[in-house]
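Here are my notes on the helix packing and a few loop residues. Have the model open while you read.

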Amino acid sequence: LARQPQTGLFMTEVLSFTRLAFRLADAVKATGKLAPSATEQLLLLSAILNGHEADFPILGRLSQRPAYFQELQNLLGFLQRYDVTSSDLETAQLARDQLPQSLRAKCRDLALLQRRYQESLQRLGLAEPGQALNELGRLLEQYATGQLDPLLSQQLSFLEQLSVWVCGFGELRDFTPQEYRILAWLEKLSDQLNVTVLTDQLPNT
């Protein structure tokens, strides 16, 4: 901040990736679908599994375990953040020479669970949790490639004067594919993109 030409902090915003997605969506007046709350997600997963255990030979056996639906909720969130689709899981299920039978069976169950979960969200008119980052990536791509309405593009023109600093990554986890896509577009659009690295000492220093 001390090296920036501005003399005050009023132009500085500290945002997570998700808050950045909401910030830019608001700038172009985008109205996306609401995502279900954590409790609603658990209820959806319970409705998909309970009473349909025969459809899920592996996951169905564990559905009565305490906190099991929370584990599934976290797992589905992980799959979405890392761009693992039901088609990917079905492909893994067919990898007979590469994966043991038990793991392929789990992939089959997860693919079905993910598909039914997404169908339930679509039927209820809800967005998949974490979808905001995918929407942000598409919005940045549309702006960068001239596919966005000119009036909306004007609302995002401030991106070209931005100095972006990304802090707090690399210590506990790497960027997800969603975040990499956002950073790639920000690098093309903003005045500068800086990613900080936490380290005790830089090589050759």
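1. Start with H3 and H5, which pack at an angle of about 85° with their axes 11 Å apart. Axes here are lines fitted to C-alpha atoms, for helices over the stretch in contact, and angles run from 0 to 180 degrees between N-to-C directions. The two helices are therefore roughly perpendicular (65 to 115 degrees; under 35 counts as roughly parallel, over 145 as roughly antiparallel, and the rest as oblique). Leu-72, Leu-75, Leu-76 and Leu-79 of H3 meet Leu-110, Leu-113, Gln-114 and Tyr-117 of H5, contact meaning heavy atoms within 4.5 Å. By class that gives seven nonpolar residues, one polar and no charged; Ala, Val, Leu, Ile, Met, Phe, Trp, Tyr, Cys and Pro count as nonpolar, Asp, Glu, Lys and Arg as charged, and the others, Gly among them, as polar.

2. A word on ground rules: this is a predicted model, where local features need pLDDT of at least 70 and side-chain atom pairs count only at pLDDT 80 or more, while totals for chains, interfaces and linings use all residues. Residues are numbered from 1 along each chain as its sequence is written, and side-chain values use heavy atoms, with hydrogens and water left out. Helices (H or I, at least four residues) and strands (E, at least two) are DSSP runs, numbered from the N terminus.

3. What about the length of H5? Its 24 residues should span 34 Å at 1.5 Å a residue, and the end C-alpha atoms are 35 Å apart, which agrees.

4. Which parts of the model cover the buried residues of H5? H2, H3 and H4 are among them. The buried set in H5 includes Arg-104, Asp-109, Leu-110, Leu-113, Gln-114 and Tyr-117, where buried means under 20% relative accessible area, exposed over 50%, and partly exposed in between (1.4 Å probe, protein chains only).

5. H4 (residues 86–93) also packs on H5 (residues 101–124), at about 160° and with the axes 8 Å apart, so this pair is roughly antiparallel. Ser-86, Leu-89, Glu-90, Ala-92 and Gln-93 of H4 touch Arg-104, Cys-107, Arg-108, Leu-110, Ala-111, Gln-114 and Arg-115 of H5. Sorted by class, the residues of this contact are five nonpolar, three polar and four charged.

6. Have a look at Asp-83, in the loop between H3 and H4. Its phi is positive, about 60°, although it is not a glycine. Asp-83 is partly exposed, at 32% relative accessible area.

7. Another loop residue to check is Ala-67, between H2 (38–49) and H3 (68–81). Ala-67 is partly exposed too, with a relative accessible area of 45%. From Leu-42 it is 25 residues away in sequence, and 9.9 Å in space, C-alpha to C-alpha.

8. Last pair: H6 (residues 131–144) and H8 (residues 177–189) pack at about 25°, axes 9 Å apart, and are therefore roughly parallel. Among the residues that meet are Leu-133, Leu-136, Leu-140 and Tyr-143 in H6, and Ile-182, Trp-185, Leu-186 and Leu-189 in H8. The contact of H6 with H8 has nine nonpolar, three polar and three charged residues.

Definitions and conventions:
Expected span 1.5 Å × (residues − 1).
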